Amino acid sequence: MLLGLIAGESHVLTPERFHQVFLLTAIIPLLSIPGFLYLRAEDGVQVSGHIKGSRK
């Protein structure tokens with residue numbers, strides 16, 4: 001899908017187009033890093049079921 005967006009209406013696939021797609025594929029997850037920096041240790045307890053300090 002991303003390759004189709006980069007190729008545009010010409011639909012000509014060149015190595016440069018693949019390089020652009022690989023670069024975007026690497027950048028998109030990196031943009032989410034600041035959101036993870038704001039997470040606390042208690043975030044996600046309801047989903048995982050793990051409680052800090054309790055051992056079974």
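Which residues are linked in a network of salt bridges? I found Arg40, Glu42 and Asp43 joined in one such network.

**Ground rules.** I am working on a predicted model, where local features need pLDDT of at least 70, side-chain atom pairs count only at pLDDT 80 or more, and totals for chains, interfaces and linings use all residues. Residues are numbered from 1 along each chain as its sequence is written, and side-chain values use heavy atoms, with hydrogens and water left out.

**Salt bridges.** I searched the whole structure and got two salt bridges. I count one when a side-chain nitrogen of Lys or Arg lies within 4 Å of a carboxyl oxygen of Asp or Glu. Arginine 40 pairs with aspartate 43, with 3.1 Å between the closest N and O atoms. Arginine 40 also meets glutamate 42, at 4.0 Å from N to O.

**Exposure of the partners.** I use under 20% relative accessible area for buried, over 50% for exposed, and partly exposed in between (1.4 Å probe, protein chains only). Arginine 40 has 56% relative accessibility, so I log arginine 40 as exposed. Glutamate 42 is partly exposed because its value is 48%. Aspartate 43, at 33%, is therefore partly exposed.

**Nonpolar patch.** I then looked at the surface. Leu30, Ile33, Leu37 and Tyr38 form a nonpolar patch there, with about 500 Å² of accessible area together. Patch residues have over 30% relative accessible area and no salt bridge; nonpolar side chains (Val, Leu, Ile, Met, Phe, Trp, Tyr) are joined within 5 Å, like charges within 9 Å. Areas come from the Shrake-Rupley method with a 1.4 Å probe; for residues, only the protein chains shown count as cover.

**Tyrosine 38.** I note tyrosine 38 as exposed because its relative accessibility is 70%.
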